[in-house]
Amino acid sequence: MREEIFKYVKKKYSVAPDYPLPTAQSFPVLRHEDNRKWFAITMDVQREKLGLEGTDRVDIINVKMGDPLLADILSQRTGYFHGYHIRRGNWISILLDGTVPLEDICMWIDESYFVTASKHEKQKLRPPKEWIIPANPKYYDIKHAFDQTKEIDWKQGKGIRTGDTVYMYVASPVSAILYQCKVMKTDIPYDYQDGSLTIMSLMRIRLQKRYKPGKFTFDKLKGEYGVSAVRGPRGVPHSLSEALNK
């Protein structure tokens, strides 16, 4: 099962095991390329060390959970234990003898990978997100931006990544959300400075849906959905998301 795990991690995260422990050279470690933090270590230990019957050795994998309650709940299940030799930080140990299905083990490896990832890596791993972004018609004729094309390049907001959805709120005198767009590409190099406006990178967005100017006005956003300002990229309340996607 060790080899199946290594194949899974190599395919999904492009990570190969290494052996950093001079006194335990048979204990392969899996860690992030950027911050070098461990997200898993496999080892073989005597069954009695885990509170099991017998003195023969068995393979286990240690992974880290993000929620201490989850770690505690799992450690009470068959095949799971509090982290062997790594008891702090919500680590658990999982038997690799078939007691726990490989599919479940891979799921907990994914959890551990995310928990131990750097901020930059977590940003890439998070699920697609919805944003409201401002568009000032004083700087760009946004009302006619999609008349001739379905895709345009736009100032990239902090935290936005490929696959996200952006709703373009056009400022006064329109003061309403006009477009739903999909983010197709991010981190397009750009260098623009003009007084208070600085643009360092662009994102490519594709038009998905148009809204009538009177449909999602600022007054409606504020009165019905609690959106009191759109000065920069911001998240979309669940109720508003449902209305925008009807």
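Modeller: Begin with Ser112, which is buried, with a relative accessible area of 0%. Keep in mind that this is a predicted model.

Biologist: Where is Ser112 placed, and what is it in contact with?

Modeller: Ser112 belongs to helix α3. Setting aside neighbours within four places in sequence, Ser112 is in contact with Phe39, Val63 and Lys64.

Biologist: Now a residue for comparison. Is Tyr19 buried, partly exposed or exposed?

Modeller: The class between the two cut-offs, 20% and 50%, is called partly exposed. Tyr19 has a relative accessible area of 47%, so it is partly exposed. Tyr19 sits in the loop between α1 and β1 (29-31). Not counting residues up to four places away in sequence, Tyr19 touches Gln25, Phe27 and Pro28.

Biologist: Let us turn to cores. How many residues does the largest nonpolar core have, and which have the most contacts inside it?

Modeller: The largest one here has 22 residues, and Ile5, Ile61, Val63 and Ile94 have the most contacts inside it. Two or more residues of this core come from each of α1 (2-13), β2 (38-46), β3 (57-64), α2 (68-74), β5 (91-95) and α3 (102-116). Another core, of 21 residues, lies apart from it and includes Ile160, Met168, Val183 and Ile205.

Biologist: What does Ile5 touch, not counting residues up to four places away in sequence?

Modeller: On that count Ile5 touches Leu30, Ile61, Leu96, Leu102, Ile105 and Ile109.

Biologist: Next, strands. In which sense does β7 pair with β10, and over how many bridges?

Modeller: Look for bridges between the two strands, then for the direction in which they run. Strand β7 (residues 151-155) pairs with strand β10 (residues 197-210) in the antiparallel sense, over 5 bridges.

Biologist: What lies between β9 and β10 in their hairpin?

Modeller: There are 2 residues between the strands, and Gly195 takes a positive phi near 65 degrees in this hairpin.

Biologist: Last, pockets. What is the volume of the largest pocket, and which residues lie nearest its centre?

Modeller: For a pocket, read the volume, then the lining. The largest pocket has a volume of about 710 Å³. Its lining has 24 residues, with Pro134, Trp154, Lys155, Leu197 and Ile199 nearest the centre. β10 gives the most to this lining, with 4 residues. By class, the lining of the largest pocket has 15 nonpolar, 5 polar and 4 charged residues.

Biologist: How does the lining of the second largest pocket divide by class?

Modeller: That lining has 1 nonpolar, 6 polar and 4 charged residues. The second largest pocket has a volume of about 190 Å³. Among its lining residues are His120, Gln156, Arg161 and Asp187. Helix α4 (119-125) and strand β9 each supply at least two residues of this lining, and α4 gives the most, with 3.

Technical notes
Residues are numbered from 1 along each chain as its sequence is written. This is a predicted model: local features need pLDDT of at least 70, side-chain atom pairs count only at pLDDT 80 or more; totals for chains, interfaces and linings use all residues. Side-chain values use heavy atoms; hydrogens and water are left out. Two strands pair if DSSP finds at least two bridges between them. A nonpolar core is a set of buried Ala, Val, Leu, Ile, Met, Phe, Trp, Tyr and Cys residues joined through side-chain atoms within 4.5 Å. Buried means under 20% relative accessible area, exposed over 50%, partly exposed in between (1.4 Å probe, protein chains only). Contact means heavy atoms within 4.5 Å. On a 1 Å grid over the protein atoms alone, a cavity is a set of points where a 1.4 Å probe fits but cannot get out, and a pocket is an open set with protein on both sides within 12 Å along at least five of seven lines; lining residues have an atom within 4 Å of a point. Grid points are joined across faces, edges and corners, and a volume is the space filled by probe spheres set on the points. Ala, Val, Leu, Ile, Met, Phe, Trp, Tyr, Cys and Pro count as nonpolar, Asp, Glu, Lys and Arg as charged, and the others, Gly among them, as polar.
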